[in-house]
Structure formats: structure tokens, C-alpha cells
Protein chains: 2
Amino acid sequence: MAATAPRITAVDTYDIRFPTSRELDGSDAMNPDPDYSAAYVVLRTDADDGQEGHGFTFTIGRGNDVQVAAIDALRPYVLGRSVDALCTDPGSLNRDLVGDSQLRWLGPEKGVMHMAIGAVVNAAWDLAAKRARKPLWQFLADAGPEWLVSQVDFRYIADALTPERALALLRNGREGAPQRAADLRKRGYPAYTTSPGWLGYDDEKLTRLARQAVADGFTQIKLKVGADLDDDLRRLRAARAAVGPGIRIAVDANQRWNVDEAVAWTRALAPFDPYWIEEPTSPDDVLGHAAIRAQVAPVRVATGEHVQNRIVFKQLLQAGAIDVLQIDAARVGGVNENLAILLLAAHFGVPVCPHAGGVGLCELVQHLSMFDYVALTGTTENRVIEYVDHLHEHFLTPVAVRDGHYATPAAPGFSAAIRPESIAKYRYPDGSYWASTPAAPDPQQNGAAA
Amino acid sequence: MAATAPRITAVDTYDIRFPTSRELDGSDAMNPDPDYSAAYVVLRTDADDGQEGHGFTFTIGRGNDVQVAAIDALRPYVLGRSVDALCTDPGSLNRDLVGDSQLRWLGPEKGVMHMAIGAVVNAAWDLAAKRARKPLWQFLADAGPEWLVSQVDFRYIADALTPERALALLRNGREGAPQRAADLRKRGYPAYTTSPGWLGYDDEKLTRLARQAVADGFTQIKLKVGADLDDDLRRLRAARAAVGPGIRIAVDANQRWNVDEAVAWTRALAPFDPYWIEEPTSPDDVLGHAAIRAQVAPVRVATGEHVQNRIVFKQLLQAGAIDVLQIDAARVGGVNENLAILLLAAHFGVPVCPHAGGVGLCELVQHLSMFDYVALTGTTENRVIEYVDHLHEHFLTPVAVRDGHYATPAAPGFSAAIRPESIAKYRYPDGSYWASTPAAPDPQQNGAAA
């Protein structure tokens, strides 16, 4: 029975929290004390191959339980599905979840419920790629253009990108793909590093890490800005002095500013030649980004890690609001929606430089950029994947970055699996770490209980 | 002790679901089978007055448990707060919740977590108005302009509306306010009714209810559209024949269309003189609404019930994308954010016609429109509050609509309290109705489990 018609038999969820707030890794102008966390989901089947599908939403601590509850709410939609049907058409799951009339009210297509859908959909893609015995990037690159188009939801984006145009882009992307795949396996995909630039680091550490980044082969680094202009000027001066004029320095405000502040602050930083200003204001503000971009050129405008869905990305592109589009592998509705976003970016000719870091975001998003290079845009010019060097040790197939490049994954799947011993230790609140740590995350730090 | 420094002592939550899918009330092109629900919260204190603060998020069934979990996640931010401090500055709670760096990752300011914040913030306003012994509309209208401005978060909207401009609008709004308050108590606030227009109703019922609406004093009705053009043409023809040329008929597509479809469909309906086309496409698509509006005039474009926050409303106004702005009392971050949205609408001169219906949305939103009339815009011209005649019987102080007008509430608070016996019956899954009803909401109806 199981051999002929395997089914999804379990949708197991885990609240995993790493105590990163105890150090200052990950601090920025909006997020002073993150505990990097994952609302993690495992799809299990009764197939003989024993394969599982893994996915997750990244959060920064409090509320990870809400995210887990949202994934739990999707369980009835997934349990009992045919594994074969799911793996030959992951888009069917994406459509059923995004289109569910009752769940849709909780978004639509945004926030907690949409991220939960993304986690489950990504888990289905992980399973599909594993069963095909291919890393996800290759699974996508080997797929036919017609099938890829069938995986995209064109609702609300058809005014900017038609299925026909998407098909043409993908057909064009196939030309030379084998050569690019071989090249990718040899060279990897270009990375940039945010490790020097966290707000919590002093200038000595910033300078040392910036020099180390150049020595490690990176040609771009990133600094967090936006808390204090004098500090930012001093830090950017130090970073520029450390790396010299030939290295790109991106700066990232993490949504700290109103439109006018963003313009003034970015202009003040301009003498140090920042390559892009990232998240200058609310990710919801398409027109605000367009206004900022018009006033801060030649500094480029980048955003995307908090952009909720393809509809907002569509408008950012339509409005000419961004120079750099930053996909995130775990915020939108999974691989299907990221295919739509990659296609939109290709159509508008805007380079994609993914957001990564967090928990496992590097592991996931490398596959999307590598697919884009091999079988869609065919180029890595002005394209880099963010790299942050922490928490990779918790993954079964962690990313490897060498000489400023992501090494191309060879293991089947989406690189999403967290090590069982890490789950046992950091599961919240009952993992061995948290059970023995009395000071759990405490919102009262933020001034509640007046 | 309690008499001198009362505190918030409990944040109790309830998953309440009404089995509305058993009838066809509430059906539209995107929501065929809603079970109108509320994720309901009660703030309790140890003050001697025994007052409670009530608030809720409206959902349409599945996922209401996720919404409750999100409100539960806010409990630590609310417990122990000084009641006096909270009631003299509800904005402090709004700022702490919206600004929490970790919860913010789950939005920011959108979806499940933002609606949860809205429920808790609205409960605080309910408590504040009750302690002041005023209905919320009057509590707001009696407040000083400076204080009201202090309740608004101008982050991300200051490029369109400054605090100074908001203050000027509110100061101007005070002129003649006592006279308008007296007028409001006498006349009430104009309403329109959606009761005739649900997609599930046949033409006979539509015609009968449309005529009844006119007989009941309504000067505007609304029809759901978007499932089938021929059906819509037939239904709109029937409605127009029933009410005559002098009654406004709004049509509502509930986000059914892409931009081009919205234009074509609306133009096809234009011969029957629809007053506005509501939610023609995704609520996230500012530029799409602007494109639609430019092509369907003189039919007006309306949206807002799913608009996630003030930042998207700001852009809809900046882009000239809407003729009618439809606030919802329970989707954004509570009264504070709706004050921002009312001020934006006033600044841009766009009339506000609130979304209502659902569970308790009429009860809440009437207060916001009445405040707007008495102390902000000073007019009800081209302004109507949606009215749907169901589920009011579950509220302690239900709305009363007479002669096409909402009667002005006199009871202190935000009219948010659900009757204890309704909670006992419809609490999910353990209330007496659900415990005795084997067929609970089942997502597999939607085609999962292939």
C-alpha cells in the first residue's frame, strides 16, 4: 500500500530559539536584541524512501509560538495528500493554502499566515527535490519552462508579467544552462558579508572584521546604520579606510526612517560611497522608496527582506523604486511565489541580491539565486547573496562560503534540515538549553507594565 | 491598594465562531462559506469600578485560533500595566506593541500580529471610554486636539501628513462640534445596507430585499459581484429596477480581479450606474487601484477593509487611487491607527465610508465615523457606514439602525462586549453549540488531500 500510494502522514512543528541576544550578533537600528528563531516544520510520509520535507519561518524570538500555531493551522490541508501528486505539483499546495477563503482573511498573503504557508510550501519543495535526488537549484533548473510557469500564481501581477512573457524568459534562460551549471559547480555564487557591520560592534572590531572580509575574498560588505548619524559617519569612514575604494560597502537602515529622513541621512553618508541603501523606510511604502531613490542617486536603493508578497514587489518594480531586489526565502509564500518574484525582476531587468542570515536563510536562498543564474537570467553581474556567519552549525548540510562565494550545494533538497541535537537543545521552552536557563525572553524589558 | 493604583490583572481570550456558513449570509466572490468569528479579548482590572475593556479581531472561521494565539502572545505586554496610565494614554500601549522589535518581525504592521494588536488596543480604548463614562465617539470628540495628535504614530506617514497639519485639522474640526454632536444624537449617522446583495441570494430575494432597503430609508445598497459577469449584469439590472435611479448601488468584487479584468468588468457594469466599485483587486496594489480608477471613471473606486495599515492608505491617497476610503475598525492597529487614517483622509479630502458587517464591526466603527463627523471633517456628505443586519443580537449594546441611519450610541465604551450567553454557546470548540455539532469547520472541503 505505502509503496504504491504514499501519503503525507505527519506535519510536525517545532519552536526553536537560539539565544543570540546574549551576544550582539544581529543587532541593528530596529532590532536591538534578537533571539534568532525558527518555526520549523517537518512533513513525514509513509513512502519507502524515508524522505522528509523540511521548512521553516525565521523569526527573531517572541512570537515564534504564534508562527508555530499558524503552521499547525495548516496541518489539515496537508495531511493525507498524495506524495506523488504533491511532488509533481507543489503549486497545488501553494494554491490551496493561499486560496483558502477563510485563512485568506488573516492576510491576505501577508504576515504570520503567509509566512506559515511559505514554510509548508518550502517543505514540500524540499521533499520534491530530495525524491528527485537533486539539490533544489538543480531541480528547478532542470524543470521545463512550461512546468515552471505552471508553478507561478499570476493573480495580481498579470498587468506587469504575463504567463507568456514568463515562458519566454524561461525558454531564453535555458540557452547555455548546462555550461553555467558546470561553471556554478566550479566557482560557486558570489557572496557579500554583513558580519563586520552590526551596530553592536565597536570600531576596532568593525575594522578588523572588514579587513578580514576582504582577505577572505569578499568584494562587498554591509554596515548597519540609522541609530545615530555621527556614529554612522564614523563607522562608515572606518570601514572605507579598512577596505579601500575598490570594495563595495552597502548600508542598511532596517526601516528606521521616514522618507525625508532617509533622503537626508543617505545624502550625508554619500561621501563614503555607499553602494546601496537598504530598507530606508517601511517595506510597505512603494511610493516612498520611489521618492527616496529619485533623491539619493547614485546611491542605489535596495529592499525586500520584509516585502510581504509578489504584489508589492511588482509595484516596487513598476514604480522604479528600487535598484536592487532582495528576495527572502522564508517570508513570502515559498518557492512558488519566489519564482514569480524572480521572473518579475528578470522582466524588469533589476538584479536580485537575496537577504540571508538569520536561521537558515543562507541555506535556503542560495538555491534560488543559483537557479536564477543557471536557468533564468544567466548572469551573476551585480548579484550577490548576503552571507552571515552564524548558526550554520545547526544545519545538516550547512552552506560553505569560500573565497567570497557560496559553494554550490550537491546534497538533494533545499538544505533546510536542522540537526536533531540542535532541536533537542534549543526547542523552546523545553529544550535542554532553555529548560536550564531561567531568564527566558521577556517583553517587559521593552517598557511594558508602567 | 487597588483603589489607589489599579492594574490590568487579566487578559482573557476567547475563540468565538458563529456557524454562518450554514446559511448563505456573507457569501461573496472570494468567501463562499464564511463562519463569522471573533478572536475576543477582555482586559480585567482590580479597580473598584469593575469595568472591563473588550476588543476583538473579526475572522471568517478557520485560523481564528491562530488569531487568539497572537493575542495571547501580547498578554505579557499588558498584564500589570497601570489602568490610569493606560487610559490616559492608550497610545503608549499601541507604541509598545507595534514597536516591539521581536514581534515586529512577524509583520511589520500587518496580518495576524497587527490585528491582534488592534484587538488589544481597542480593548484599552473601550476601557478608557467606559471609565470616562462616555461612548467612544464622544470620548474622542471631547478630547483636546493636542492629545489626539499625541495618540497618532506619524512614522512612515509624515511625508504626507505632519503632526502640525493634523493639529490644524483637529482644531478646525472643533468649531461647531457641540452643535454637530446634538444633531448626531437626533439624526444618527447615514448607513447603507449590503443585506440584499450577497452572491448566494437568488434574484427574487435580491429584489425583495432591495425594495425593503429603500422602504427602510436607505439611500444606498451594495451588491457583491465578480463571480460571473452575466450573473452580475442580471443581478444589477434587477437591483436597479427594484430601487429606481435615485438610489445608489455600490458593487463589491472582494479582490476577485486582476487590473485589466477589473477595468473590463466594471465598464461592463457601468450602464447600470454603479456608485462605486469596491475592492476591484488586491488591497496591496496601490498602483493597480490607481490604474483602475483612471479607466473606470465616473464609477468611483473604493477599498480599505483589507488594507493593512496607515502606510498603504497613505499611498492610496498619494496616488489618487481611491474615491472612497473604507476604514475597518478591527484590521489595523486599533483606534490609534484609525485616527491616523481618518486624518489622512481628511487631509486629502477623500470621504470615509467604513467597512462593517462581520461580527461586531458595525458596533465598533460607528464610533469612528461619528467622531469624524463631530470633531474632524464636520460633514456626512457622501459618507455612509456599511450596515449588515446579522449577529447584532450577540452584543450587549447592539447597533440600532432606523430610517437608514445608525442611532448614536449613548452607552459608555466602544460597544464591543459580546453577551456572556453567546460566548458560552459559540465558543469554539467547547461551547454548547459546537460541542453538540459534529461537523466542525473542515478545510478538506477545499480540495486538500488529493
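Predicted model: local features only at pLDDT ≥ 70, side-chain atom pairs only at ≥ 80, totals over all residues.
Residues are numbered from 1 along each chain as its sequence is written, and chains are lettered from A in the order in which they are written. Local features need pLDDT of at least 70, while side-chain atom pairs count only at pLDDT 80 or more, and side-chain values use heavy atoms, with hydrogens and water left out.

Two helices (DSSP runs of H or I, at least four residues, numbered from the N terminus) can be followed in chain A: the axes of α10 (residues 203-215) and α11 (residues 229-243) come within 9 Å and cross at roughly 35°, where axes are lines fitted to C-alpha atoms over the stretch in contact and angles run from 0 to 180 degrees between N-to-C directions. Among the residues making this contact are A:Leu206 and A:Ala210 of α10(A), together with A:Ala238 and A:Ala242 of α11(A).

Elsewhere, A:Thr162 lies in the loop between α7 (145-150) and α8 (163-174) of chain A, and is partly exposed at a relative accessible area of 32%, that is, between the limits of under 20% for buried and over 50% for exposed (1.4 Å probe, protein chains only). A polar atom of the A:Thr162 side chain lies 3.0 Å from the backbone nitrogen of A:Arg165.

Conventions: Polar contact = N/O pair within 3.5 Å; in protein donor to acceptor, adjacent residues only side chain to side chain. Contact = heavy atoms within 4.5 Å.
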